[in-house]
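Please look through the sequence and the structure shown below before reading on.

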Amino acid sequence: NAEYMGTPNLTGMAAAIVPEAKLDEVIAKLHHDEPENRICFDCAASDAPTVWSSVTYGTFICVNCSGVHRSLGVHLSFCRSTSLDHWTPHQLARLRLGGNARARERFSAAGILQLPMSAKYSSPAARLYADQLSADVVAELGPDPGHADAPMTAERAEFLNKYKNATAISSADFAPRPQQQSRCCTIL
């Protein structure tokens, strides 16, 4: 079950959030059941906890490699902390259906596993793997209603039509957002 946050995302839909206890349970199971998930996908460090993930590739990574992923840009690798961030059901499904072993097998077969991170993640083979993982998630859960490529629903169409015409926007649309409690601190 997912909880729904009240603030719409860019697509106009409220984002479904996996409850913290469920997220922790799934992450612990993925670490327990698949030992390779306890080793950083990129640097193979086994002494650094894999408390970060590249959601794009469904892999577990260490904090040092997460910094490199973040520097690559979200168009190549979208990272989340497995202990500090909120996760949507579709993001968590990418970890369940992906994992370090599957990604390692695919990247190795494509000859990109040992490339520097910037070359590895900007390669067509990496994009193909990410697209296949997306298709697997959609096959299991259906389209992500919070994703920009989600099918058009009446609710989403109404939201987008309101903002398509600049005259329909009022100052109330830009009112300060109420504070939300993050898992680690209060954010605006």
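## A histidine in the helix α1

H31 is found in helix α1, and this description, like everything that follows, refers to a predicted model. With a relative accessible area of 16%, H31 counts as buried, because the cut-off for that class is under 20%. Leaving aside residues up to four places away in sequence, the residues that H31 touches are N37, R38, T50 and F60.

H31 and T50 are 19 residues apart in sequence, while their C-alpha atoms are 8.9 Å apart in space.

## The loop between α1 and β3

Two residues of the loop that runs between α1 and β3 can be taken together, namely A44 and S46. A44 has a phi near 60°, which is a positive value in a residue other than glycine. With a relative accessible area of 47%, A44 is classed as partly exposed, whereas S46, at 58%, is classed as exposed.

The separation of S46 and C62 is 16 residues in sequence, and their C-alpha atoms are 9.1 Å apart in space.

S81 belongs to strand β5, which covers residues 79-81. Is S81 buried or exposed? Its relative accessible area is 2%, so S81 is buried.

A polar atom of the side chain of S81 lies 2.9 Å from the backbone nitrogen of L84. If residues up to four places away in sequence are not counted, S81 touches V51, W52 and W87.

## Helix α3 and its two partners

Helix α3 takes in residues 89-97, and it packs with helix α1, residues 20-33, at an angle of about 15°, the two axes being 10 Å apart. That angle is why α1 is described as roughly parallel to α3. In this contact L23, V26, I27 and L30 of α1 meet L92, L95 and R96 of α3, and these residues divide into 6 nonpolar, no polar and 1 charged. The crossing of α1 and α3 is left-handed.

How do matters stand between α3 and helix α6, and at what angle do their axes cross? The axes of α3 and α6, the latter made of residues 124-141, come within 9 Å and cross at roughly 115°, and the two helices are therefore roughly perpendicular to each other. The crossing of α3 and α6 is right-handed. From α3 the contact involves P89, H90, A93, R94, R96 and L97, which meet A130, L133, S134, D136, V137, E140 and L141 of α6. By class, these residues comprise 7 nonpolar, 2 polar and 4 charged. R96 is listed in the contact of α3 with α1 and also in the contact of α3 with α6.

## A glutamine within α3

Q91 also lies in helix α3. Its relative accessible area is 15%, so Q91 is counted as buried. Not counting residues up to four places away in sequence, Q91 touches V55, F78, R80 and H86.

## Helices α4 and α6

Helix α6 has a further contact, with helix α4, which is made of residues 100-110. The two helices pack at an angle of about 145°, with their axes 10 Å apart, and their crossing is right-handed. The contact is made by R102, A103, R106, F107 and A110 on the side of α4, and by A125, A126, Y129, Q132, L133 and D136 on the side of α6. Sorted by class, the residues of this contact are 7 nonpolar, 1 polar and 3 charged.

## The chain as a whole

The helices and strands discussed above belong to a chain with 7 helices and 7 strands. Read along the sequence, these elements follow the pattern β-β-α-β-β-α-β-α-α-α-α-α-β-β.

The chain has 188 residues, of which 37% count as buried; among the residues described above, H31, S81 and Q91 are classed in this way. Of the contacts in the chain with a separation of 6 or more, 58% are accounted for by residues 24 or more positions apart.

Technical notes: Residues numbered from 1 in each chain as written. Predicted model: local features only at pLDDT ≥ 70, side-chain atom pairs only at ≥ 80, totals over all residues. Heavy atoms only, no water. Axes fitted to C-alpha atoms, helices over the stretch in contact; angles between N-to-C directions. Helix = DSSP H or I, 4+ residues; strand = E, 2+ residues; numbered from the N terminus. Parallel < 35°, antiparallel > 145°, perpendicular 65-115°, else oblique. Left-handed = near helix turned anticlockwise from the far one by under 90°. Contact = heavy atoms within 4.5 Å. Nonpolar A, V, L, I, M, F, W, Y, C, P; charged D, E, K, R; others polar. Buried < 20%, exposed > 50% of the residue type's maximum accessible area, 1.4 Å probe, protein only. Polar contact = N/O pair within 3.5 Å; in protein donor to acceptor, adjacent residues only side chain to side chain.
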